[in-house]
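Subject: Handing over a structure

Dear colleague,

I am passing on the structure that we talked about, and below it you will find an account of what came out of it. Please read the two together.

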Amino acid sequence: MAYAATSLGARRFGETTRRDAWWAQPLAVFLGLGTFVVYTTWASLQGEHYFSGPYLSPFYSPEFFGSSPHSWFGPKPGWWPEWLPWSPAIFILWAPAGFRFTCYYYRGAYYKAFWADPPSCTVGEPRQSYWGERAFPLILQNVHRYFFYLAVLFIVVLAHDVWKALWFTDTASGEVSFGVGIGTLVLAANTCLLAGYTFGCHSLRHLIGGGLDLLSRLPVREKCYGCVSALNRRHMPWAWMSLFSVGFSDLYVRLCSMGIWTDLRIL
Amino acid sequence: MPKATFRIWRGDASGGKLHDYVTEVSEGMVVLDAVHQIQAEQANDLAVRWNCKAGKCGSCSAEINGMPRLMCMTRLSDLPLEEPVTIEPMRSFPSLRDLVTDVSWNFGVKKTIRPFGPRPADAPDGTWRIAEGDVDRVQEFRKCIECFLCQDVCHVLREHHLHEEFAGPRFFVYTAALEMHPLDTENRLGDLRGPQGIGYCNITKCCTKVCPESITITDNAIIPLKERVVDEFYDPIRRLLRGLRSG
């Protein structure tokens, strides 16, 4: 595969003959993802105002240890080191964060927006060296399917949270009754959007049937492959909508918990 | 008749620069028409490769206003003609002259890919039976016209010149067409991971964006191949299961 270098010369960082606003998309990704990462880090380290009535923030679900009624195994464990900041989200948030970080869509997006590799198609890059995903550390992106397995468990837990968000406890009588609040709808919409994103995953598409050449011999998997492929075609919109919804769900629960917003009951 | 300025790269392997040409434009013209008009009226020695003028031969690939496109499929009505239209040769390949580049490296890469290896025939007459659904998936890849715009836009080749270690999107599409074919029995995953360097692809989707045949290169060819490479080399559970099955 011998090759002679092009005579047009290397381009400097940001140099291009493109006339369109090529910087707009990476800038939007930088601002969108950057805002989400900053907000998520802040919200997950707060360790308070993450539940309100039957609602539990998705950043804190499942709550393995914590002070809310949603906790699975009771309050903060005694073995937790005093010098380490405490938040129930620390136990779980690495899994969905890892799923998004290793996602094929996000990889392409943040390599452009945060690492300028490249800044945009046909735009000059800041570095000459390049290893891609075939060497450490980016070869670790191949772990994506394992984060997918964990993400599916989170969808199950969040669906259960929506079920729990349908049951309201009367503070005076302690009686539990069925109801639907705006918060219920927010959590339900969030779970649907997260499911749309998770079940359109490229790794799932491969595992469910994409890795087989004779898929027609397995009609159920062939159907599933068709469904996953349909979701996968819109993986980018699902990724952004679910990113926004999970952040907004936390904000909604947080503001209700702080008494700034009042949750309206529809039923 | 309105006029427009075309800023065309003139030069060869030793170097070159952009020259401005002002020419009349009319409704329905594509960039290749303008280049031919300039060639006929102002620059008889302007080198440009073209053939079908219908977006099917893949000959007239160039960079128009910085984006890899077919000149014959780029309408002037889609470009801002109040500014000069920049036309450059593909940057990923050596310049021969003006807009013509030497794309022969691609043909060399193609020769290194393991050819189609079908399973034994299904019927005594030497024929096979294939389910339509199984062969449908690879039909998309067969639309490729080998214009090499995807190779041109890929920053691994264009910016980092890793031609010796990376086959490029065109050949991942070609490999996918073979590897996913229901009759094929060859295993190309070692080649993909090794000499073809699929790990260099960082999924920017630029190749998909510029494909004139609208082949979903990244999502339907490269990522599925990356996942097959993960199956073979990077997934410890898969490796364990394979080991147990083979005894």
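Chain A has eight helices and four strands, which follow one another from the N terminus in the order α-β-β-α-α-α-β-β-α-α-α-α; helices here are DSSP runs of H or I with at least four residues, strands are runs of E with at least two, and both are numbered from the N terminus. Please keep in mind that this is a predicted model, in which local features need pLDDT of at least 70 and side-chain atom pairs count only at pLDDT 80 or more, while totals for chains, interfaces and linings use all residues. Residues are numbered from 1 along each chain as its sequence is written, and chains are lettered from A and ligands numbered from 1 in the order in which they are written.

Taken along the principal axes, the C-alpha atoms of chain A fill a box of roughly 80 × 50 × 40 Å. Of the 267 residues in chain A, 36% are buried, a term that asks for 20 or more other C-beta atoms within 10 Å of a residue's own, with C-beta atoms placed from the backbone.

Helix α8 of chain A, residues 235–257, reaches 33 Å from its first C-alpha to its last, close to the 33 Å expected for its 23 residues at 1.5 Å a residue, where the expected span is 1.5 Å times one less than the number of residues. After α8(A) comes A:Gly259, with a positive phi near 80°.

Where the two chains meet, 39 residues of chain A are in contact with 54 residues of chain B, contact being counted when the C-beta atoms of two residues, placed from the backbone, lie within 7 Å. On the chain A side, α3 (104–115), α6 (202–210) and α7 (219–232) each give two or more residues, and the largest share, five residues, comes from α3(A).

Chain B is divided into domain 1 (3–101) and domain 2 (104–245), with bounds that come from an automatic or database domain assignment. Their C-alpha centres lie 31 Å apart, and 14 residues of domain 1 are in contact with 13 residues of domain 2; on the domain 1 side, β4(B) gives the largest share, four residues.

In chain B, the loop between β4 (67–70) and β5 (85–88) holds B:Thr74, which is buried, because 23 other C-beta atoms lie within 10 Å. Leaving aside neighbours within four places in sequence, B:Thr74 is in contact with B:Val30, B:Val31, B:Ile64 and B:Arg69.

With best wishes

Methods. A residue is buried if 20 or more other C-beta atoms lie within 10 Å of its own, exposed if 12 or fewer, and partly exposed in between; C-beta atoms are placed from the backbone.
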